[in-house]
Amino acid sequence: MKIEIIPCLQDNYSYIIIDESNNTACVVDPSEAKPIIDFINKKNIYLKYILNTHHHFDHIGGNRDLKKKYNSIVVGFKNDINRIPEIDILVEDNQIWKADNFEAKIFHIPGHTKGHISFYFFKNKFIFTGDTLFSLGCGRIFEGTYKEMFDSLNRIKQLPKDTKIYCGHEYTLQNSRFCNKYDSNNLNLKKKISEINNKLKNNLPTVPSTIKDELECNIFLRANNLETFSKLRDLKDNF
Ligand code: ZN
Ligand code: FE
């Protein structure tokens, strides 16, 4: 399995997962159709599945056009049946979604939205975290509670340390400033920030991150109780 990172809109990332044994692919959170179509056409692969982490427009914007063009199958959380355009396959918490050679465990991780999920490709050791876990940050709490977001992040934290994290936005630099302000003695963070700066300087994405890096550097994962977490989330909203 190979993952291609496709920048969309201002700062979104869509991801194309390619099974090179048969040239079929999934796209995760297509913000818009055009960059995905451009890539698919160039590579001559078949876009069979569209996976959505949540219903926000910058994660589902390409669903309709891509489905129309490729007859792709749209996979999303069952409770968001009326919010995810063109949804075909309804998945739920802890379910294993398996199709062709793709196999992912679904985590229902509310907080950013009530119906947010992640796709954990446990055999390949990568996870798509949408707008729940970012590199060095976490999503804003729009529909859920602080407790839900805290619990959702704690679930992701348990994954093997070498799991690669593919998140929904390139927010890492801004997130790093916040972490650095409130965790200024963290040497792992300093090292991570210099890696981030190097990547950005060369016009490269800062994703994927890893569970290991995020455990060491992400202040929201380092918060070990709900009160601290909630305080940090409030501070970040006004940062
Ligand atoms: Zn969102
Ligand atoms: Fe988003």
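Modeller: Not counting residues up to four places away in sequence, I96 touches E103, A104, K105 and F122, where contact means heavy atoms within 4.5 Å. This is a predicted model, in which local features need pLDDT of at least 70 and side-chain atom pairs count only at pLDDT 80 or more, while totals for chains, interfaces and linings use all residues; side-chain values use heavy atoms, with hydrogens and water left out. Residues are numbered from 1 along each chain as its sequence is written, and chains are lettered from A and ligands numbered from 1 in the order in which they are written.

I96 has its place in strand β7; strands (E, at least two residues) and helices (H or I, at least four) are DSSP runs, numbered from the N terminus. With a relative accessibility of 41%, I96 counts as partly exposed, a class that lies between buried, under 20% relative accessible area, and exposed, over 50% (1.4 Å probe, protein chains only). Between the C-alpha atoms of I96 and Y171, which are 75 residues apart along the chain, the separation is 29 Å.

From I96 the view widens to the sheet, an open one in which 6 strands follow the order β7-β8-β9-β10-β13-β14 with mixed pairing. Its edge strands are β7 (96–99) and β14 (209–210), each of which pairs on one side only; two strands pair if DSSP finds at least two bridges between them. Within this sheet, strand β8 (residues 102–108) runs antiparallel to strand β9 (residues 117–121), with 4 bridges, and F107 stands opposite S118 in β9.

Aromatic rings come next. The whole structure holds 18 aromatic pairs, counted where the ring centres of Phe, Tyr or Trp (its six-membered ring) lie within 6.5 Å, with planes under 30 degrees apart called stacked, over 60 edge-to-face and the rest tilted. In one of these pairs the rings of F121 and F126 have centres 5.2 Å apart and planes at 35°, so the pair is tilted. Both F121 and F126 are buried, and both belong to one aromatic cluster formed by Y13, Y15, F121, F126, F128 and Y166.

The iron ion (ligand 2) is coordinated by D58 (OD), H59 (NE2), D131 (OD) and H169 (NE2), at 2.1 to 2.3 Å, where donors are N, O and S atoms within 2.8 Å of the metal (3.2 Å for Na, K and Ca) and sites may look incomplete because water is not among the atoms. The 4 donor atoms subtend angles of 84 to 168°, which makes the arrangement around the iron ion irregular. Four donors count as tetrahedral if all angles lie between 85 and 135 degrees; four count as square planar and six as octahedral if opposite donors are over 155 degrees apart and all others between 65 and 115, and anything else is irregular.

The zinc ion (ligand 1) lies 3.3 Å from the iron ion (ligand 2), and D131 coordinates both. D131 sits in the loop between β10 (126–130) and β11 (133–134), and H169 in the loop between β13 (164–167) and α5 (172–182), so the pair ties together parts that are 38 residues apart in sequence. D131 counts as buried at 4% relative accessibility, and H169 is buried with a relative accessible area of 3%.

On the zinc side, H54 (NE2), H56 (ND1), H112 (NE2) and D131 (OD) coordinate the ion at 2.2 to 2.3 Å. The donors of the zinc ion (ligand 1) are spaced H-x1-H-x55-H-x18-D along the chain, and angles of 87 to 171° among the 4 donor atoms leave this site irregular. H54, in the loop between β4 (46–51) and α2 (57–60), and D131, in the loop between β10 and β11, link parts of the chain that are 77 residues apart.
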